[in-house]
Amino acid sequence: MLTLTLAGCGGGSNGAAAAPTVPVAVPTTAAAAGTAAAEPAGKQVTVTMSEFALTLSEQTFTPGTYTFVADNTGQYPHTITINGPGVQNQSASGPLKSGQSASLTVTLQPGSYEIWCPVGDHKAKGMTTTITVA
């Protein structure tokens, strides 16, 4: 989240002290779309969700911390769930409406991970993928 600092002017010659600075949070795109956004931890990977597919912005994974940003570009609600070594069915917020995004931060260990949309029968319709961390 971006934070701006606003300061008031003391203005005039009445000897009044300047107003204290006040931090103001400015929402990111995801928050503006109706979901909370956090600073990404580790490497960021965008997961584009549409009917009925998941597309990842990265194809090569090494052990470490990743923030998966689930971005719903489809017309139906979607989200993602990840399962694999050390990650047991962790999900992003959701289901997300069209145009919404949410983040999920996980630490990946060597091995295979399944990522899918748990909404309705979306997984059976093809909203699933497997990644290998090496």
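Predicted model: local features only at pLDDT ≥ 70, side-chain atom pairs only at ≥ 80, totals over all residues.
Residues are numbered from 1 along each chain as its sequence is written, and side-chain values use heavy atoms, with hydrogens and water left out.

Let us begin with the chain as a whole. It holds one helix and ten strands; these are DSSP runs numbered from the N terminus, with H or I over at least four residues for helices and E over at least two for strands. Read from the N terminus, the order is β-β-α-β-β-β-β-β-β-β-β. Of the 134 residues, 29% are buried, that is, under 20% relative accessible area with a 1.4 Å probe, counting protein chains only. Contact means heavy atoms within 4.5 Å, and among contacts between residues at least 6 apart in sequence, 54% join residues at least 24 apart.

Four strands make an open, antiparallel sheet in the order 7-6-9-10, where two strands pair if DSSP finds at least two bridges between them. Strand 7 (87-91) and strand 10 (128-133) are the edges; each has a single partner strand, so one side of each is left without a neighbour in the sheet. Strand 9 (residues 111-116) runs antiparallel to strand 10 and is joined to it by six bridges. Within strand 9, Ile115 stands opposite Thr129 of strand 10.

Now for the core. The largest nonpolar core has 24 residues; such a core is a set of buried Ala, Val, Leu, Ile, Met, Phe, Trp, Tyr and Cys residues joined through side-chain atoms within 4.5 Å. Strands 3, 4, 5, 8, 9 and 10 each supply at least two of its residues, and strand 8 gives the most, with four. Phe61, Phe68, Ile80 and Leu108 have the most contacts inside this core. Leaving aside neighbours within four places in sequence, Phe68 touches residues including Val45, Ala102 and Ile115.

Finally, look at His78, in the loop between strand 5 (64-72) and strand 6 (81-84). Is His78 buried or exposed? His78 is buried, with a relative accessible area of 0%. Beyond four places in sequence, the residues touching His78 include Met49, Phe52, Cys117 and His122.

Technical notes
Buried < 20%, exposed > 50% of the residue type's maximum accessible area, 1.4 Å probe, protein only.
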